[in-house]
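Here is a short tour to read with the model open beside you. We will go from the whole chain down to a few single residues.

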Amino acid sequence: MRTILHALFFAAICLCYLHSQSPPISREQLQQYVAQLQANPTDDALRTKIIQLALTLDPKPAATQDAAVDAAKGKTIFASAGSTDDMKAAAAAFAQASLLAPWMPDYYYNEGLAFEKAKQFDDAIHALNFYLLAAPNAADAADVRGKIEGIKYEKESSARQEQAEEAINARQKEAELRDAINGTWSLEEPSAWVYRFHLSGDNLSITYGMGPSARDGGPIIDGLESGSGTLAGHSFAGRFTDHPGAGRTSCIIGQFHGSISTDNTRIYLSLSYYVNPNLTPQDRSVFQRHNLLNCTDENITLEKVANQ
């Protein structure tokens, strides 16, 4: 009888021991999941499944040696970081550690801190949320949740500051563009003919012609034609409507469009011509006889020659 009792007692102890150990299949499954995650590091659903499975295991899985090396690398870089790029490198090392041992909470926490310092706020929040998942009973859980909210505010504040800086830069570039486009422009090779641009608001006026001092900003006397249009960004378009200096010219300018280079040093201008409607029958006949009524479009590049 005593032998039977001893046997039953021993069997009960063995049974309790077996129940206290995670079945081998669970740990094999964990390793399979980790291998899948390493092939798809952005699979958050799979990462979550790994963490949840690891939390059920007893004893808890330890960090792999390679993961520990990457985590130590991250801590070293973080401690001596002197730039945003250093913080990004530290975060990358912690991220690699968490890829090799996704159940280790500290890797996510340190990754989150590094990403925050690198101003990659979404990545920081993402990592800290996984810390909370991997350490559901962490003593600092409330502090970490508060930190996440603080990072969200920091992200919004940074975005507002960035928008304000972009607006200032845009206004500065617009002012530079307006200063650049106003003045006298001519062909890159020496030419007596000039195009004078004047911008008021978004309204652009162009005067075309020549004169003894026109290239120096002096008056346009001969061949005067003028038009108006609008500017949008670095591009503009419009139409020449006045041709007081066209005289007996066979073709006069109609529509125009173009753009100014991003460095504000060149204007690329496209001109459409049409037959001068004010030609006398005699002039029209002469021009036609010499095949001068085929008014074709023209594309030219201008450089600034005077600020007036």
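This is a predicted model: local features need pLDDT of at least 70, side-chain atom pairs count only at pLDDT 80 or more; totals for chains, interfaces and linings use all residues.

Helices and strands here are DSSP runs, numbered from the N terminus, and a strand is a run of at least two E residues. The protein chain averages a pLDDT of 90, and it holds 9 helices and 8 strands.

**Confidence**
- In the protein chain, 93% of the residues score a pLDDT of at least 70.
- Do take care with residues 4-20, where pLDDT stays under 50. For this stretch the model has 1 contact beyond four places in sequence.

**Overall shape and surface**
- How does the radius of gyration of the protein chain compare with that of a compact globule? The chain has 38 Å, whereas a compact globule of 308 residues would have a value near 19 Å.
- The C-alpha trace spans about 140 × 40 × 30 Å along its principal axes.
- Of the 308 residues in the protein chain, 36% are buried.
- The protein chain exposes about 17900 Å², and carbon and sulfur atoms supply 54% of that area.
- If you take the contacts between residues at least 6 apart in sequence, 53% of them join residues at least 24 apart.

- Strand β4 (residues 222-232) pairs with strand β5 (residues 235-242) in the antiparallel sense, over 7 bridges.
- Within this pairing, Leu231 has Phe236 in β5 as its bridge partner.
- The hairpin of β4 and β5 has 2 residues between the strands, and Gly233 takes a positive phi near 65° there.
- On to the next pairing: β5 and strand β6 (residues 251-260) are also antiparallel, with 5 bridges. Here Ala237 stands opposite His257 in β6.

- Is Phe197 buried or exposed? Phe197 counts as buried because its relative accessibility is 2%, and the cut-off for buried is under 20%.
- Beyond its neighbours within four places in sequence, Phe197 is in contact with a set of residues that includes Ile181, Trp185, Leu204, Ile206, Ile267 and Leu302. Phe236, the bridge partner of Leu231, is another contact of Phe197.
- Phe197 and Tyr153 are 44 residues apart in sequence, and their C-alpha atoms are 47 Å apart in space.

**Glu116 in helix α6**
- Glu116 is found in helix α6, which runs over residues 105-117.
- At 15% relative accessibility, Glu116 counts as buried.
- Which side chain makes a polar contact with the side chain of Glu116? The partner is the side chain of Lys147, at 3.1 Å.
- Not counting residues up to four places away in sequence, Glu116 touches Phe121, Ala124, Lys147, Ile151 and Glu154.

- Ser26 lies in helix α2 (residues 24-39) and is buried, with a relative accessible area of 15%.
- Leaving aside neighbours within four places in sequence, Ser26 is in contact with Leu53 and Leu57.
- Ser80 lies in helix α4 (residues 65-80). Ser80 counts as exposed because its relative accessible area is 57%, and the cut-off for exposed is over 50%.
- The C-alpha atoms of Ser80 and Ala90 are separated by 9.9 Å, with the two residues 10 apart along the chain.

Terms used:
Residues are numbered from 1 along each chain as its sequence is written. Side-chain values use heavy atoms; hydrogens and water are left out. pLDDT is the predictor's confidence in each residue, from 0 to 100. Contact means heavy atoms within 4.5 Å. Two strands pair if DSSP finds at least two bridges between them. Helices (H or I, at least four residues) and strands (E, at least two) are DSSP runs, numbered from the N terminus. The radius of gyration is taken over C-alpha atoms; the globule rule is 2.2 Å times the number of residues to the power 0.38. Buried means under 20% relative accessible area, exposed over 50%, partly exposed in between (1.4 Å probe, protein chains only). Accessible areas come from the Shrake-Rupley method with a 1.4 Å probe; for residues, only the protein chains shown count as cover. A polar contact is a pair of N or O atoms within 3.5 Å; within protein, one must be able to donate a hydrogen and the other to accept it, and residues adjacent in sequence count only if both atoms are side-chain atoms.
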